[in-house]
Amino acid sequence: MEKVFLAGVRVRERGRGPERGIEELRRLADTAGGTIVGEAVFRIDRPNSVFYIGKGQAESLAQQAADAGAGTVIFDINLKPGQQRNLETALSLKVIDRTRLILDIFARSAHTQDGRDQVDLAQCQYLLPRLAGMWTHLERQQGGIGLRGPGEREIETDRRRIEKRISLLKKRLGDIKKRRGIQRSRRLKLNIPVIALCGYTNSGKTTLLNTLTKSSAVAKDRLFQTLQPMTRRARIFDRDVLFVDTVGFINDIPPQLINAFHSTLEEIEPASAVLIVLDGADPDIGLHRNVVEETLKQLKFDEIPRLYALNKCDKLYPDGRDAASASCPEDKLGEGYIEISALQKIGIEALKSGIYDILKK
Ligand SMILES: Nc1nc2c(ncn2[C@@H]2O[C@H](COP(=O)(O)OP(=O)(O)OP(=O)(O)O)[C@@H](O)[C@H]2O)c(=O)[nH]1
Ligand SMILES: [Mg+2]
């Protein structure tokens with residue numbers, strides 16, 4: 001197993017509430033198969049163009065990572081190609097930023113051809129500007145003399161290869177899009193309303209799909225378990241409804257992934273409503289809700305009516321409803337949330353009524 005050192009970065013902002021923890025980075029690193037040997041949080045006023053966290057803190061990070069015996073440092077922010085290279089040189093270690101880490105997890109979760117193509121495209125798009133950067137870097141360092149000829153040619157060849165791959169993948173994904181379009185219009189002809197399950201990764205979307213439609217899709221305590229949308233039919237009182245499970249969202253979702261997954265996220269488009277599933281037991285629930293709303297807006301799905309399910313309520317009130325209202329998540333969120341436990345099948349009738357009402361409108 002790869003020994004990894006985690007580097008959280010927080011930009012100081014006055015008057016802000018408690019800051020995001022390093023917990024999510026731990027989960028991401030763990031899901032990617034890393035063994036965490038140490039961690040540190042670096043506070044900065046603004047990103048530094050050379051090392052992001054500044055020279056002094058980069059030196060301190062180098063020391064800590066070396067002491068911990070790490071072979072890789074994982075950051076929970078995105079680095080520019082130049083910053084990444086500078087850090088790799090300064091630390092003499094492999095440096096991975098947030099996008100690269102998430103792309104790696106997606107690659108591990110992609111079990112279908114469609115999924116693999118989508119992740120492959122995102123990875124190529126991540127790599128391409130980094131190749132270009134590598135060349136500028138070489139040219140600057142070597143003054144354009146000596147290494148320039150072969151180095152330039154090599155990177156040019158690599159670049160052309162990646163560009164060719166990108167256009168091939170785009171074509172293949174275009175075919176998927178058509179295929180899914182046909183499936184979608186078939187479903188639309190059935191005239192059954194569609195409800196899309198959306199939410200932060202690991203919030204319990206697939207578990208809820210299983211509970212609502214009596215299915216057995218794979219739900220795991222693992223980030224980005226689901227990549228491909230899955231549609232299942234269910235009866236909500238006297239109506240038939242199709243539920244679509246979708247890929248989870250995350251804070252700072254890599255734009256390459258949004259692009260690559262657009263063709264599958266289009267499943268949301270014909271939805272009569274979006275059912276947003278939130279993990280009610282997660283301390284970062286406010287952030288998660290904002291991320292989901294922002295992402296839906298980015299995808300231009302913000303016109304679709306929505307309802308909110310506050311999932312995992314069994315974790316909040318282990319001794320019954322009145323026992324632990326002190327940390328009631330509604331205090332953070334406002335009203336309009338239906339509390340459920342998809343796993344323990346609590347509150348499902350109330351949720352069905354909510355779904356039924358929104359469809360009536
Ligand atoms: N305690 C509790 N755990 C739950 C509940 N719903 C889901 N879980 C657990 O949360 C974990 C994630 O559930 P999933 O249904 O896979 O979550 P998801 O939103 O589909 O996650 P991704 O597909 O990875 O984005 C699993 O271990 C579930 O068993 C719940 O109501 N209560
Ligand atoms: Mg899932």
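Analyst: The discussion below treats the ligand and then its pocket. This is a predicted model, in which local features need pLDDT of at least 70, side-chain atom pairs count only at pLDDT 80 or more, and totals for chains, interfaces and linings use all residues. Residues are numbered from 1 along each chain as its sequence is written, chains are lettered from A and ligands numbered from 1 in the order in which they are written, and side-chain values use heavy atoms, with hydrogens and water left out.

User: Which residues are closest to ligand 1?

Analyst: A residue is near a molecule if one of its heavy atoms lies within 4 Å of it. Here 23 residues surround ligand 1, and the closest are Lys-205, Thr-206, Thr-207, Gln-225 and Asp-314.

User: What lies 2.7 Å from an oxygen atom of ligand 1?

Analyst: A polar contact is a pair of N or O atoms within 3.5 Å. A polar side-chain atom of Lys-205 lies at that 2.7 Å distance. For Lys-312, a polar side-chain atom is 3.1 Å from a ligand oxygen.

User: Where does ligand 1 sit?

Analyst: A pocket is an open set of points on a 1 Å grid over the protein atoms alone, where a 1.4 Å probe fits, with protein on both sides within 12 Å along at least five of seven lines; lining residues have an atom within 4 Å of a point. A molecule sits in a pocket if more than half of its atoms lie within 2 Å of its grid points. Ligand 1 sits in the largest pocket.

Terms used: A polar contact is a pair of N or O atoms within 3.5 Å; within protein, one must be able to donate a hydrogen and the other to accept it, and residues adjacent in sequence count only if both atoms are side-chain atoms.
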